[in-house]
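These are my notebook entries on one structure. I list what I looked up, entry by entry.

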Amino acid sequence: MYTVKEIFYSLQGEGAQSGRASIFCRFTGCNLWSGREQDRATAVCSFCDTDFIGTDGQNGGKFQTASDLCAFLRTFWPSDSNTPPYIIFTGGEPALQLDQHLVDECHQHGFIVAIETNGTKPLPTDIDWICVSPKADAKIIITSGDELKLVYPQALAQPEQFEAMDFTEFYLQPLDSPARPMHTKAVVDYCLQHPRWKLSLQNHKVLGID
Ligand SMILES: C[S@@+](CC[C@H](N)C(=O)[O-])C[C@H]1O[C@@H](n2cnc3c(N)ncnc32)[C@H](O)[C@@H]1O
Ligand SMILES: Nc1nc2[nH]cc(C(=O)O)c2c(=O)[nH]1
Ligand code: SF4
Ligand SMILES: [Mg+2]
C-alpha cells in the first residue's frame, strides 16, 4: 500500500528540469522530521517548506497497488499528448515508499520517472532522473545521480563536500525563510565564484503555482 499526501500537475519549479510539465506524487512521511511544528527545532532536517502529514492534500489517499496508483497518476497528464508523462515522486521522503514494483509499473505505462530525495535511503533501480538534496546532519548514501541540489546555506554542509560525488549537475537552492533574499544573494555570489554550481530558484513560489 502507498500513502500519498497529494497529487498535482504543475511545472517542475526547481533545478535542471525546471519548467517541465510534471505530475507530482507527494508521499506521506519523512525519516528526517515528523512533520509536526513542535518537533521542528529538534529534527535532523529543520527547514522543510512542505506539509507531508496524512492524506488530506489534493487527490491524496491510500493506494492498494502500484497498478492502482499508476492508473490514477496517468489521469493527470493531458490525454491528447504524445509526450511521455513525466512523474516526480517527492514527499516527505519518497524513498520510504517508492519500490521497484512501482518504478517498473510506471515504466510499463510509459512514464518517465523522477525522484526528489534526501539521499539517505536506498533507491530502486532504473529511476530516470535522480535529484539528491543532502541535509547537513544526515549521512547520504546516494552519492551518484543526475542532479545534486543543495539548499544553501547550511553551516555543516558546504558545497565543496559534495563536488567529488558522481552527479551531472550541481545546484544551490536558496534556503526559503524570512531571510530568503539574503540567501539568494549568497547563492549568486557563490555561483559566480564557483562556476561548477548553478542557481536553482523555486520558480513555483515566484509564480504562485503548485
Ligand atoms: C520537500 S523536499 C521532499 C523531497 C526530499 N525529502 C528531499 O528533501 O529532497 C523537496 C525539495 O525541497 C527542498 N526544500 C525543502 N525545504 C526548503 C526550504 N525551506 N528552502 C529551499 N528548499 C527547500 C528540499 O531540499 C528538496 O530539494
Ligand atoms: N512546482 C513545484 N516544483 C517542485 N519541485 C520539487 C518540489 C517538491 O516539493 O519536491 C516541487 C513543488 O512542490 N512544486
Ligand atoms: S528531508 Fe525533505 S521532506 Fe524531509 S523534512 Fe527535509 S526537506 Fe522536508
Ligand atoms: Mg516543494
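I take helices (H or I, at least four residues) and strands (E, at least two) as DSSP runs, numbered from the N terminus. The model is predicted, so I note that local features need pLDDT of at least 70 and side-chain atom pairs count only at pLDDT 80 or more, while totals for chains, interfaces and linings use all residues. Residues are numbered from 1 along each chain as its sequence is written, and chains are lettered from A and ligands numbered from 1 in the order in which they are written.

**Entry 1: the sheet**

I recorded that strands of a sheet pair through backbone hydrogen bonds, either parallel or antiparallel. I count two strands as paired if DSSP finds at least two bridges between them. I found an open sheet of 9 strands with mixed pairing, in the order 3-1-2-4-5-6-7-8-9. Its edge strands, strand 3 (61–63) and strand 9 (198–199), each pair on one side only.

I then looked up single pairs. Strand 1 (residues 2–11) and strand 2 (residues 21–27) run antiparallel and are joined by 7 bridges. Tyr9 has Ile23 in strand 2 as its bridge partner. Strand 5 (residues 112–117) runs parallel to strand 6 (residues 129–132), with 4 bridges. Strand 6 also pairs with strand 7 (residues 144–152) in the parallel sense, over 2 bridges. Which residue did I follow across these strands? I followed Cys131 of strand 6, which stands opposite Glu116 and has Glu147 as its bridge partner in strand 7.

**Entry 2: the helices**

I use axes that are lines fitted to C-alpha atoms, for helices over the stretch in contact, with angles from 0 to 180 degrees between N-to-C directions. The axes of helix 1 (residues 66–74) and helix 2 (residues 100–108) come within 9 Å and cross at roughly 45 degrees. Helix 1 is therefore oblique to helix 2; angles under 35 degrees count as roughly parallel, over 145 as roughly antiparallel, 65 to 115 as roughly perpendicular and the rest as oblique.

I count two residues as in contact if their C-beta atoms, placed from the backbone, lie within 7 Å. Ala66, Ser67, Leu69 and Cys70 in helix 1 meet His101, Leu102, Glu105 and Cys106 in helix 2. I also noted helix 3 (residues 180–193), which lies across strand 7, strand 8 (166–174) and strand 9 and runs at about 140 degrees to strand 8.

**Entry 3: the ligands**

I treat a residue as near a molecule if its C-beta atom, placed from the backbone, lies within 6 Å of it. Ligand 1 is surrounded by 17 residues, the closest being Asp49, Thr50, Asn118, Ser133 and Asp176. Strand 5 and strand 7 each supply at least two residues of that shell. Around ligand 2 I listed residues including Ser10, Thr50, Glu116, His204 and Asp210. Around ligand 3 I listed residues including Cys30, Cys45, Cys48, Thr50, Gly91, Gly92 and Asn118.

**Entry 4: the backbone**

Where is Gly92 placed? I found Gly92 in the loop between strand 4 (86–90) and helix 2. The peptide bond from Gly91 to Gly92 is cis, with omega near 25 degrees. A cis peptide bond also joins Tyr152 and Pro153, with omega about 5 degrees, and Pro153 lies in the loop between strand 7 and strand 8. Lastly, I noted Asn59, in the loop between strand 2 and strand 3. Its phi is near 60 degrees, a positive value in a residue other than glycine.
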